[in-house]
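This report describes selected surface and contact features of one protein model. Please consult the sequence and coordinates below before reading on.

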Amino acid sequence: GQKAVVTCVDTKIETTLSYISSTVDSNRRGQIDKSYFRGEIQITNPRETLFEGMSVLVEIPTGLSPTRN
């Protein structure tokens, strides 16, 4: 039930995180300061800018400040 924001083609859509894996995605290695987890979101009111198979940016607000190096 965690809230998430999908950004696609300069459009932001509020969504709900329905699943997130408890293990790191081993197919996304190579980033030193990042970990990738598979997840699923529910889009209850999709817009005409979203199509199956598109790449989007999904942000999951946690209330924590990002760390900067």
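Contact, as used here, means heavy atoms within 4.5 Å. The model is predicted: local features need pLDDT of at least 70, side-chain atom pairs count only at pLDDT 80 or more, and totals for chains, interfaces and linings use all residues. Residues are numbered from 1 along each chain as its sequence is written, and side-chain values use heavy atoms, with hydrogens and water left out.

**Ser21 and Ile20**

Leaving aside residues up to four places away in sequence, Ser21 touches Phe37 and Arg38. Ser21 sits in the loop between E2 and E3; strands (E, at least two residues) are DSSP runs, numbered from the N terminus. The side chain of Ser21 also reaches the backbone nitrogen of Thr23 at 3.1 Å. Such a polar contact is a pair of N or O atoms within 3.5 Å; within protein, one must be able to donate a hydrogen and the other to accept it, and residues adjacent in sequence count only if both atoms are side-chain atoms.

Ile20 belongs to strand E2. With the same exclusion of residues up to four places away, Ile20 touches Phe37, Arg38 and Gly39. The C-alpha atoms of Ile20 and Ile41 are 8.9 Å apart, although 21 residues separate the two along the chain.

**Accessibility**

Buried means under 20% relative accessible area, exposed over 50%, and partly exposed in between (1.4 Å probe, protein chains only).

| Residue | Relative accessible area | Class |
|---|---|---|
| Ser21 | 15% | buried |
| Glu59 | 37% | partly exposed |
| Ile20 | 44% | partly exposed |
| Val24 | 48% | partly exposed |
| Lys12 | 55% | exposed |

**Nonpolar patch**

Ile20 and Val24 are among the members of a nonpolar surface patch, which also includes Val9, Phe37, Phe51, Met54, Val56, Val58 and Ile60 and has about 770 Å² of accessible area together. Patches are made of residues with over 30% relative accessible area and no salt bridge, like charges being joined within 9 Å and nonpolar side chains (Val, Leu, Ile, Met, Phe, Trp, Tyr) within 5 Å. Areas come from the Shrake-Rupley method with a 1.4 Å probe; for residues, only the protein chains shown count as cover. Val24 is placed in the loop between strand E2 (11–20) and strand E3 (39–42).

**Salt bridge**

The structure holds one salt bridge, defined as a side-chain nitrogen of Lys or Arg within 4 Å of a carboxyl oxygen of Asp or Glu. Glu59 pairs with Lys12, and their closest N and O atoms are 3.9 Å apart. This pair links distant parts of the chain, with Glu59 in strand E4 (residues 57–59) and Lys12 in strand E2, 47 residues apart.

Methods: Helix = DSSP H or I, 4+ residues; strand = E, 2+ residues; numbered from the N terminus.
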